[in-house]
Amino acid sequence: MLLIGSHVAFDKDQQLVKSVREAISYGANTFMFYTGAPQNTKRAKIQKEKVKEAREEMKNAGIEASSIIVHAPYIINLANRKEEEKYQFSIEFLKEELKRVDALGCKYLVLHPGSHVGEGVEKGIQNIQDALNEVLENDSSEVKILLETMAGKGTEVGKTIDELAEIRNKVQKIKRVGICLDTCHLNDSGYNLEEFDSILDELEAKIGLENVYCVHINDSKNIRGAKKDRHENFGFGTIGFDTLLKIVYHPRLQQIPKILETPYIDHIYPPYREEIEMIRCKKFDPELFSKKGKDC
Ligand code: FE
Ligand code: FE
Ligand code: ZN
């Protein structure tokens with residue numbers, strides 16, 4: 001069965017209940033959320049009652065709790081250690097975040113590996129490994145940290161499969177570290193998504209496809225190799241509908257949740273209901289957003 005959803009909000013009061021309802025309103029059967037604002041580290045305490053309520057609503061809607069994904073905030077940076085205090089803060093935040101993810105009953109936490117900010121790729125990789133080892137050392141949950149493939153903007157680490165494999169290979173609890181693919185990022189970092197099978201072959205050889213647990217399905221505003229990271233709506237960018245659709249339905253990624261992180265229309269209207277509809281119909285509609293909510 002196709003597992004398709006989008007990024008949704010997490011309300012500080014309604015918590016996961018609000019996220020589930022938003023996902024259902026898009027016709028999704030999975031979703032991804034941040035436990036607070038993506039750009040800061042202020043987090044509310046997880047309420048058990050709300051988790052129960054959300055679970056109930058998920059069950060009724062046929063959403064498998066085990067498929068939903070949490071995303072760590074962007075400002076967590078494990079790759080740079082020039083300012084020890086900031087580095088330690090990121091480590092402590094991640095330890096707490098793993099506990100929240102576990103309390104929410106989720107299994108996966110997507111993480112941007114980080115930016116080395118002048119320390120160089122090798123040192124950046126070393127910093128990430130040290131941090132992950134510390135974060136995981138005393139964590140008794142089974143939550144997996146999924147390193148996301150990055151666009152290579154600025155000094156981002158994790159822009160190639162080799163870099164991700166290198167980070168992962170030196171983590172002691174290696175089974176607790178998986179991969180999240182992002183189609184926009186792969187394109188922007190230079191991978192040709194029209195030859196997606198060869199990307200999967202490389203992943204299989206260097207990391208193992210069984211360690212890929214999530215795919216972010218975004219089109220890109222920029223050409224391959226641009227190192228930019230600007231997401232575009234599904235089928236409206238340089239990757240295009242057919243190439244993205246093949247990835248969504250790729251037999252080698254069948255059981256893996258596909259998550260849209262595409263931009264809101266005019267900054268206010270979420271595109272997810274229409275994009276999911278189009279993906280299910282397998283037919284591109286260039287006028288999609290001018291006839292909101294129309295079925296195909
Ligand atoms: Fe991300
Ligand atoms: Fe992403
Ligand atoms: Zn991105």
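**Exercise 1.** Which residues are the protein donors of the iron ion (ligand 2)?

*Before you start.* You're working with a predicted model, where local features need pLDDT of at least 70, side-chain atom pairs count only at pLDDT 80 or more, and totals for chains, interfaces and linings use all residues. Residues are numbered from 1 along each chain as its sequence is written, chains are lettered from A and ligands numbered from 1 in the order in which they are written, and side-chain values use heavy atoms, with hydrogens and water left out.

*Solution.* 
- Step 1: Look for donors, meaning N, O and S atoms within 2.8 Å of the metal (3.2 Å for Na, K and Ca); water is not among the atoms, so sites may look incomplete.
- Step 2: You'll find Glu148 (OE), Asp182 (OD), His216 (ND1) and Glu261 (OE), lying 2.1 to 2.2 Å from the iron ion (ligand 2).
- Step 3: Walk along the chain and these donors read E-x33-D-x33-H-x44-E.
- Step 4: Check the geometry: the four donor atoms subtend angles of 83 to 169°, so the arrangement is irregular. Four donors count as tetrahedral if all angles lie between 85 and 135 degrees; four count as square planar and six as octahedral if opposite donors are over 155 degrees apart and all others between 65 and 115; anything else is irregular.

**Exercise 2.** Find out which residue bridges the iron ion (ligand 1) and the iron ion (ligand 2).

*Solution.* 
- Step 1: List the protein donors of the iron ion (ligand 1): His71 (NE2), His112 (NE2) and Glu148 (OE), at 2.1 to 2.2 Å.
- Step 2: Glu148 coordinates both iron ions, which are 3.1 Å apart.
- Step 3: Is Glu148 buried or exposed? With a relative accessible area of 0%, Glu148 is buried (under 20% relative accessible area; exposed is over 50%, partly exposed in between, with a 1.4 Å probe and protein chains only).

**Exercise 3.** Name the residues that touch the most other members of the largest nonpolar core.

*Solution.* 
- Step 1: A nonpolar core is a set of buried Ala, Val, Leu, Ile, Met, Phe, Trp, Tyr and Cys residues joined through side-chain atoms within 4.5 Å.
- Step 2: The largest one has 81 residues, and Phe31, Phe33 and Phe234 touch the most other members.
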